[in-house]
Amino acid sequence: MISEEKKIIRVGVMGTAAIAKKNALAISRSSRVELVGVASRTMEKAEAWVKELGLSNIRCFEGYEALVNANDVDAVYVPLPTTYHLEWVLKLARKKKNILIEKPVGTTLAQVEEMIQVCREQGVVIMDGTMFFHHPRFLAMKRFFDDKLHWHPKRVTSAFSFYGGNNFLDKGNIRTRKDADPLGCLGDVGWYCIRIGLAAFRFETP
């Protein structure tokens, strides 16, 4: 349930991944939501993460289960490796918590369908963290995509790349670890390419 007293969404962060730092700061600056807590596998890591970001009045949870069971959290941002998504999405949904989850949502279509089904049954929202869909630039593009009178796409070509450097491989970035993100970079940056293609075709099959 959403806090009626403050009429804002109370958000917790599950995990202290690098991407979570940027999004936690964004959440903390919003007038629509309140960042109330972060969970890590150890209390020391959660406390160090909060201190590094200069955040205050943030609860630190030792273990993800403690965040799942917190009564003062309405929604949870999940930046965990993809192999952990199914387990924690189902647990969060069954505790009536709304979910913002990093992409890719799951490692298989069957996993994603199960997450969606359970969230529907529990009456909670699940949304993937594809930021550009909410950017004013994309919303301007969408007006063209939705114009069936003048927009008739035949083919979409897209590319997304970045320089990882030696640290990307040598220090075990999760995209290079089969036990963490078995879809690798294709599941991560490829998600954007596929998404923009689907949007161009109005999410309609040929």
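**Phe 203 is partly exposed, at a relative accessible area of 49%.** The label "partly exposed" covers what falls between buried, under 20% relative accessible area, and exposed, over 50%, worked out with a 1.4 Å probe on protein chains only. Everything in these views comes from a predicted model, where local features need pLDDT of at least 70, side-chain atom pairs count only at pLDDT 80 or more, and totals for chains, interfaces and linings use all residues. Residues are numbered from 1 along each chain as its sequence is written, and side-chain values use heavy atoms, with hydrogens and water left out. To find Phe 203, look in the segment after helix H9 (190–200). Helices (H or I, at least four residues) and strands (E, at least two) are DSSP runs, numbered from the N terminus. Phe 203 is not a glycine, yet its phi is positive, near 55°.

**Here Asn 57 sits in the loop between H2 and strand E3 (59–62).** Asn 57 counts as exposed, because its relative accessibility is 75%.

**Helices H1 (residues 18–28) and H2 (residues 43–53) cross in this view, at roughly 55°.** Two packed helices are described by the angle between their axes and the distance between the axes. The axes of H1 and H2 come within 11 Å. Axes are lines fitted to C-alpha atoms, for helices over the stretch in contact, and angles run from 0 to 180 degrees between N-to-C directions. H1 and H2 are therefore oblique to each other; angles under 35 degrees count as roughly parallel, over 145 as roughly antiparallel, 65 to 115 as roughly perpendicular, and the rest as oblique. On the H1 side you can pick out Ala 20, Lys 21, Ala 24 and Leu 25, which meet Trp 49, Glu 52 and Leu 53 in H2. Sorted by class, this H1 and H2 contact has five nonpolar, no polar and two charged residues. Ala, Val, Leu, Ile, Met, Phe, Trp, Tyr, Cys and Pro count as nonpolar, Asp, Glu, Lys and Arg as charged, and the others, Gly among them, as polar.

**H4 and H5 pack at an angle of about 5°, with their axes 9 Å apart.** That makes H4 and H5 roughly parallel to each other. From H4 come His 85, Leu 86, Val 89, Leu 90, Ala 93 and Arg 94, and from H5 come Gln 111, Glu 114, Met 115, Val 118, Cys 119 and Gln 122. By class, the H4 and H5 contact has seven nonpolar, three polar and two charged residues.

**H6 and H9 have axes 9 Å apart and pack at an angle of about 40°.** H6 and H9 are therefore oblique to each other. Phe 138, Met 141 and Phe 145 of H6 meet Ile 196, Ala 199 and Ala 200 of H9. The class count for H6 with H9 is six nonpolar, no polar and no charged residues.

**The largest nonpolar core has 25 residues.** A nonpolar core is a set of buried Ala, Val, Leu, Ile, Met, Phe, Trp, Tyr and Cys residues joined through side-chain atoms within 4.5 Å. Which members touch the most other members? They are Met 14, Leu 67, Val 76, Val 78, Leu 92 and Ile 99. Two or more residues each come from strand E2 (33–40), helix H3 (64–68), strand E4 (75–78), helix H4 (85–94), strand E5 (98–101) and helix H5 (109–122). H4 gives the most, with six residues. Zoom in on Leu 92: leaving aside neighbours within four places in sequence, Leu 92 is in contact (heavy atoms within 4.5 Å) with Met 14, Val 68, Val 76, Val 78, Lys 97 and Ile 99. There is also a second, separate core of 16 residues, including Ile 27, Val 33, Ile 58 and Ala 75.

**Ala 70 lies in the loop between H3 and E4.** Is Ala 70 buried or exposed? Ala 70 is buried, with a relative accessible area of 6%. Not counting residues up to four places away in sequence, Ala 70 touches Arg 59, Phe 61 and Lys 97. Lys 97 is 27 residues from Ala 70 along the chain, with 9.8 Å between their C-alpha atoms.

**A cis peptide bond runs from Lys 103 to Pro 104.** Its omega is near -5°. Pro 104 is in the loop between E5 and H5.
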